[in-house]
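Hi everyone, and thanks for coming.

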Amino acid sequence: MSHGKQDLTCMKTLDKDKNDKINKYAIKRIFPTINASFIFVEMLILRYLGGENGVTKLIQGYRSEGQVSLVFNYQKSQPFQTLLNDMNIIEVKHYMWCMMRAVEHLSKKGVMHRDIKPANFLYNRVAKSGLLIDFGLSELMVDRDYRPH
């Protein structure tokens, strides 16, 4: 479980697939004090990005008793400080490649994350995969005709 200034994220097991594999999801519970328009923009941007190229995929959003929650696929990871102390140079290069791949995807889609930091990049050393998360401060860059840039 992690805790940011605007949300609380936890992992839940919600269902099984057709092969009885347990599916795990990360649920981001957004504090009720956050403006609804910011939550809506985050959801729109995540849908627009499509969960591709190292960007987390929004599965669903819902509201219950006045609190909005966003559901994502779960990504196993370790705290950045643990990774930093244990990774060799090859792993560091792959970590950075995964992160830059996600940043490039955002750039091509005209999205500015505005909060890229180690806590917002989940890296799984075993699977050698990373996910950029937390698009709560992100913005879509548009041209004069309001088309993605």
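**A tour around helix α3**

Let's start with a pair of residues: Lys108 and Glu104 sit four residues apart in helix α3, which is about one turn of the helix. Their side chains meet in a salt bridge, with 3.9 Å from N to O. Side chains of opposite charge can pair when their charged atoms come close. How open are these two to the surroundings? Lys108 is exposed, at 65% relative accessible area, while Glu104 is partly exposed, at 46%.

Before going further, please keep in mind that this is a predicted model. The protein chain has three helices and nine strands. Reading from the N terminus, the order is β-β-β-α-β-β-α-α-β-β-β-β. Of its 149 residues, 32% count as buried. And if you take contacts between residues at least 6 apart in sequence, 55% of them join residues at least 24 apart.

Now back to α3. This helix has 21 residues and spans 30 Å from its first C-alpha to its last, close to the 30 Å expected at 1.5 Å a residue. Which residues of α3 are buried? They are Glu91, Tyr95, Cys98, Met99, Ala102, His105 and Leu106. Looking down the axis of α3, you would see these buried residues fall within an arc of 110 degrees, so they line one face of the helix. And what do they pack against? Their partners are α1, α2, β6, β7 and β8.

Turn to the other side of α3, and you find exposed residues: Ile89, Ile90, Lys93, Ser107 and Lys108. Ile90 counts as exposed because its relative accessibility is 60%, and the cut-off for exposed is over 50%. Ile90 also belongs to a nonpolar patch on the surface, together with Ile89, Val92, Met96 and Met100. That patch has about 460 Å² of accessible area in total. For the protein chain, the accessible surface comes to about 9,900 Å², and 54% of that belongs to carbon and sulfur atoms.

Let's finish with charges. The structure holds nine salt bridges. Arg147 takes part in a salt bridge with Asp143, at 3.2 Å from N to O, and in another with Asp145, at 3.3 Å. Arg147 is partly exposed, at 48%, as is Asp143, at 26%, whereas Asp145 is exposed, at 52%. Elsewhere, Lys28, Glu42 and Asp134 are linked in a network of salt bridges.

Terms used
Residues numbered from 1 in each chain as written. Predicted model: local features only at pLDDT ≥ 70, side-chain atom pairs only at ≥ 80, totals over all residues. Heavy atoms only, no water. Patch = residues over 30% accessible without salt bridge, like charges linked within 9 Å, V, L, I, M, F, W, Y side chains within 5 Å. Areas by Shrake-Rupley, 256 points an atom, 1.4 Å probe, with all protein chains shown as cover. Salt bridge = Lys/Arg side-chain N within 4 Å of Asp/Glu carboxyl O. Buried < 20%, exposed > 50% of the residue type's maximum accessible area, 1.4 Å probe, protein only. Helix = DSSP H or I, 4+ residues; strand = E, 2+ residues; numbered from the N terminus. Contact = heavy atoms within 4.5 Å. Expected span 1.5 Å × (residues − 1). Arc of directions from axis to C-beta.
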